[in-house]
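Reader: I am new to this structure and would like to learn how to read its strands and helices. Could you take me through them step by step?

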Amino acid sequence: MSLLLPDASDIAAAVAALHRGELIGLPTETVYGLAGDARNPSAIRGIFATKGRPADHPLIVHVADATQIAQWAREIPDSAMQLARAFWPGPMTLILKKAASVNALVTGGQDSIGLRIPRHPLALAVLREFGGGLAAPSANRFGHVSPTTAQHVRDEFGDTVPIVLDGGACAIGIESTIIDLGHGTPRILRPGQIGKAAIVAVIGEVAEGPREDSPRVSGALASHYAPRTPTERLSRTRLVARWKQCHEDGETALALSIGALPPGVDGIALPDDPEGYARHLYAALRSLDAEGADRILVERIPQADAWRAIDDRLQRAASHSDSPLESAG
Ligand code: TXA
Ligand code: MG
C-alpha cells in the first residue's frame, strides 16, 4: 500500500477524467463516493450502471461552496441557509426543490435534489478545481456496505474505476444526515452523525423517518448496507450463548463487540463510543464478511440518541436475518 497522499498532479488527472465524463473514486469525510460530472448525462448513466443501482434512486450532487446552491435548487428556504451555515462543509445533505436546468437523470425523475458540501480536503480540492457539481453516491455496488477506504473502492470496482484518490480512512465512517426541506415540514430522511437535537437547535422542530409519499431513498431500503454473511444482532449475553451454540452445531461465527470481545469469542472489537464505533463499523463488517464465516453476531448497541444513526445502519445490515425474538426488542 502506498503511503503517498495524492498531490496536485493526481488531482489534475482526476479532474481531467471528470471533464471527459469518466468516474473517479473520491474520498469524503463520511464514506468514499463514486463521482461523475453532474451535468454530463453519460457520466450519470455510468454511475448507475457501475453501481448496478436502479435509475429511479436519486443521486447527491456535491459542490464546493454555498454560492453554487442556486445553480441546482430553486426556492431555497431560510432553513436551508441556516443549516448550511451551521453544518457545511460537513456530513449533511439537504433535499431542496430542483432547478429547472438539472437533468432528471440525476434526481431519479424527481422534482427535488440532494446537495452537499463535503469537508474532506481532497474532495474540496477536486470540487474547486473541477468547478461544477459532482454527483457521487457511495462507491459500492447497490445494496452493499459503503466504502471507507480507497482499497474498499478498488475491491468494489477493480479496473472499471481506474482512478481512486486515496484520502485515507474516512473520519466519520457513516453516510451524511439527509434533511428534506423541499416538501413542507423539515424531515430527517436518513440519520447521520449530525443528530436530531443539533438540527432542532438550528431550525426548530423536525420530523423523522420516510414520508408517506416517500420517493426512492435507497439508503432507506430495509436490507441496505448489508454484508453477504447472515448477520444477527444480540445482547452481549445472548451473543456468547449463540456463539457457543454455533460451535456445537459445527458452524463458524464471528462477533462484532462494543469494547473488548467476550472471553473465548472471535471477531472484531469496536470502540465503545459512537464516533469511534461509526468510524470503524463498515471496515469491520467488510473484513468479517471476507472471512466467509456462517454468521456474523453483532452486539446490540445502547438505545441512546448518540447511537441512533449506527442503530439505523445495523438494522439494515441485519435485516435479512435478525432472529425474530431479538429484533422485536
Ligand atoms: O455521505 C454521503 O451522503 C455519501 C457521500 C459520498 O457524500 N453519499 C451517499 O450517497 O451516501 P448515496 O447515493 O449512497 O445515498 C444518498 C441517498 C440515497 O438514499 C438517495 O435516495 C437519497 O440520498 N436522495 C438523493 N436525492 C434525493 C432526493 N431528491 N429525495 C430524496 N432522497 C434523495
Ligand atoms: Mg449508498
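Author: What follows goes from the sheet to its strands, and then to the helices, of a predicted model.

Reader: Let me begin with the sheet: in what order do its strands lie, and which are the edge strands?

Author: As a general idea, strands of a sheet pair through backbone hydrogen bonds, and they do so either parallel or antiparallel. Here the sheet is open and has nine strands in the order S1-S2-S6-S3-S5-S4-S7-S8-S9, with mixed pairing. Its edge strands are S1 (24-26) and S9 (207-208), each of which pairs on one side only.

Reader: How many bridges join S7 to S4, and how many join S7 to S8?

Author: Strand S4 (residues 92-97) is joined to S7 by four bridges, and these two strands run parallel; Met 92 has Thr 177 of S7 as its bridge partner. Towards S8 (residues 187-190) there are three bridges, and here the strands run antiparallel, with Ile 178 standing opposite Arg 190 of S8. S7 and S8 also form a hairpin with six residues between them, and in the turn Gly 184 has a positive phi of about 80 degrees.

Reader: Which way do the side chains of S7 point, and are they buried or exposed?

Author: Along S7 (residues 177-180), Thr 177 and Ile 179 point one way while Ile 178 and Asp 180 point the other way, and all of them are buried.

Reader: Which helices lie across these strands, and at what angles?

Author: Helix H2 (residues 41-51) lies across S2 and S6 (134-135), and runs at about 155 degrees to S2. Helix H4 (residues 78-87), in turn, lies across S4 and S7, running at about 160 degrees to S4.

Reader: What is the arrangement of H9 and H10?

Author: The axes of H9 (residues 274-290) and H10 (residues 308-317) come within 11 Å and cross at roughly 20 degrees, and H9 and H10 are therefore roughly parallel to each other. H9 passes H10 in a left-handed crossing. From H9, Pro 274, Tyr 277, Ala 278, Leu 281, Tyr 282 and Leu 285 meet Ile 310, Arg 313, Leu 314 and Ala 317 in H10. This contact has nine nonpolar residues, no polar ones and one charged.

Reader: How many residues of H10 are buried, and what do they pack against?

Author: Eight of the ten residues of H10 are buried, so this helix is largely enclosed by the rest of the structure. Among the buried residues are Asp 311, Asp 312, Arg 313 and Arg 316. The buried residues of H10 pack against S8, S10 (231-234), H9 and S13 (295-299).

Definitions and conventions
Residues numbered from 1 in each chain as written. Chains lettered and ligands numbered in written order. Predicted model: local features only at pLDDT ≥ 70, side-chain atom pairs only at ≥ 80, totals over all residues. Heavy atoms only, no water. Buried < 20%, exposed > 50% of the residue type's maximum accessible area, 1.4 Å probe, protein only. Pairing = 2+ DSSP bridges. Contact = heavy atoms within 4.5 Å. Axes fitted to C-alpha atoms, helices over the stretch in contact; angles between N-to-C directions. Parallel < 35°, antiparallel > 145°, perpendicular 65-115°, else oblique. Left-handed = near helix turned anticlockwise from the far one by under 90°. Nonpolar A, V, L, I, M, F, W, Y, C, P; charged D, E, K, R; others polar.
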